[in-house]
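Open the model in your viewer and keep the selection panel at hand. The tour moves from stop to stop, with something to pick at each.

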Amino acid sequence: MFRRCMVLAALAAPGCADGMTIEGPDPYDVSRLSDLGVLAPGWNGEIVATVDQSYAGWDVEIGDADGDGRPEILTGTAPSGRLYLFRKRDGLWESRRLLERETGTGMVLGVRVVDLEGDGVPEVLAGTGEYDESTAALHVLHTDGERITDMRSLRAPDNTSSFTHGLPTADLNGDGVQEVISSYCGHGEVIRYDIASGAADMRSKKVLQLSGSGEDAWITDVDGDGRVELIVSNSFRDGGAKVQIHDFDPATGDPFVQPRLVLDGFDGHRAFYASVTVGDLDSDGRPELVVAWKAKQEVNRTTLLAYHVSGSGAQVAYELSYEDPDLDLAYFEKMMAIADIDGDGRAELYISTRGDGSTEGVTSRHLGHVYMYQLTADGEVRRGQVVDFDDRLVQSSWLAVGDADGDGRSELVLATGRGDIRKPGVSWVLALHKEP
């Protein structure tokens, strides 16, 4: 069993002193974004909320969670497993705590807003991580923006793993209702969930068994052929990290057991971990598969490559970084996004860093950085730093891109973290803007 999936000690009593020792600024006195770090020229932003958790969000989602036609931000926290909703009304940010785990022994590390039935009533999906090695749960809920109005939960009987990774959805069997697929950290189950009308009934089945740990799952058209594929990160094994692309069986809606394509390392090197995102990075109308490879668990270096996938092959189109130590722990699930925030017609890759080395058994530099990668018209790679956080306050952040405040512009939303995910602390949710 791996470090992230071990039985952990009971949580300390709430309070900054027990979980977060800071020499310097008082985290409770932070009132301005400039107190947390330095933004690059052309960027500005605001603090959406201060959260009395060591991690304000292991996942960030922007969407209309309550169906009122206006966007909200949702995050899932650690260590107490809360689900928060943040919304901007009349120029001010409001916070609502929708969910807190009854036992306080797990985290919410997957959040998704999606209208599964297409009936105009959105569902919120929340996947858990369990510190005590119990099976991860999927919660499907409705909210009016103030509270949970209805919720169903399921721990898949075919699952033996404790941490949720990825909650992509698609109508896989053509019945007009989207299904959910998730992969799981620990033993590598990939589970499909079928959710009946109004979330009245939930069923699950294992559709894949990975050789390593399931560290991410995507349902997307990665090769631009008009059909979606399932992409899974099969990782957290020395020399065994793989990115697998599976086609779906049109008769059942399940992924074929044998992948169409497997990437098992870079430049002749095997790897320990692989993080994934997909998008049109070079703005040419076809998607790129971006993979961040971590070769060794104990060595924090990242090789960041963008692939073109076609048929049963994949070619490296762009080398963004090679064995780069600036990206800290080199894990990037829910920490990469491809989007055109500044509205110049060309997308950028945004990537945040993770510095919670105490839970990974390796030494972290706690950089707390956020970077932006751009491709010029001739394919040159340029990297700029968006945020340099004060690592006494922020050592990690998770991100999402979208119109979070309803002003018609995209924001880069960050949920920060510091220290041990199992202990109390203070963290922040931020909304950053890029001037045109």
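Select glycine 279 and glutamate 288: the glycine stands opposite the glutamate, which belongs to β21. This is a predicted model, where local features need pLDDT of at least 70, side-chain atom pairs count only at pLDDT 80 or more, and totals for chains, interfaces and linings use all residues. Residues are numbered from 1 along each chain as its sequence is written, and side-chain values use heavy atoms, with hydrogens and water left out.

**Stop 1: the sheet that starts with β20**

Now widen the selection to β20 and strand β21 (residues 288–294). They pair in the antiparallel sense over 7 bridges. Strands here are DSSP runs (E, at least two residues; helices are H or I, at least four), numbered from the N terminus. Two strands pair if DSSP finds at least two bridges between them.

The axes are lines fitted to C-alpha atoms (for helices over the stretch in contact), and angles run from 0 to 180 degrees between N-to-C directions. As background, strands of a sheet pair through backbone hydrogen bonds, either parallel or antiparallel.

**Stop 2: the largest pocket**

Which residues lie nearest the centre of the largest pocket? Select Asp59, Glu61, Arg112, Trp218 and Lys334; they do, out of 29 lining residues. Several elements give two or more residues to this lining: β3, β7 (106–114), β16 (213–220), β20, β24 (336–339) and β28 (396–402). The largest share, 5 residues, comes from β16.

The space in this pocket is about 720 Å³. The search uses a 1 Å grid over the protein atoms alone: a pocket is an open set of points with protein on both sides within 12 Å along at least five of seven lines, while in a cavity a 1.4 Å probe fits but cannot get out. Lining residues have an atom within 4 Å of a point. Grid points are joined across faces, edges and corners, and the volume is the space filled by probe spheres set on the points.

**Stop 3: from β16 into its sheet**

Stay on β16. It runs antiparallel to strand β17 (residues 229–235), with 7 bridges joining the two.

The open sheet holds 4 strands, ordered β16-β17-β18-β19, in antiparallel pairing. β16 and β19 (261–263) each have a single partner strand, so one side of each is left without a neighbour in the sheet. Neighbouring strands of this sheet are turned by 15 degrees against each other on average, direction ignored.

**Stop 4**

Select strand β3 (residues 55–63). Buried means under 20% relative accessible area, exposed over 50%, partly exposed in between (1.4 Å probe, protein chains only).

β3 pairs with β4 in the antiparallel sense over 6 bridges. Isoleucine 62 has isoleucine 73 of β4 as its bridge partner. Move along β4 (residues 72–78) to threonine 77. Threonine 77 is buried, at a relative accessible area of 0%. Its side chain makes a polar contact of 2.8 Å with that of glutamine 53. (A polar contact is a pair of N or O atoms within 3.5 Å; within protein, one must be able to donate a hydrogen and the other to accept it, and residues adjacent in sequence count only if both atoms are side-chain atoms.)

**Stop 4: β14**

Finish at strand β14 (residues 189–195), where 7 of 7 residues are buried. One side carries Glu189, Ile191, Tyr193 and Ile195; the other carries Val190, Arg192 and Asp194. β14 pairs antiparallel with strand β13 (residues 179–185) over 4 bridges, and with strand β15 (residues 202–209) over 7 bridges, also antiparallel.
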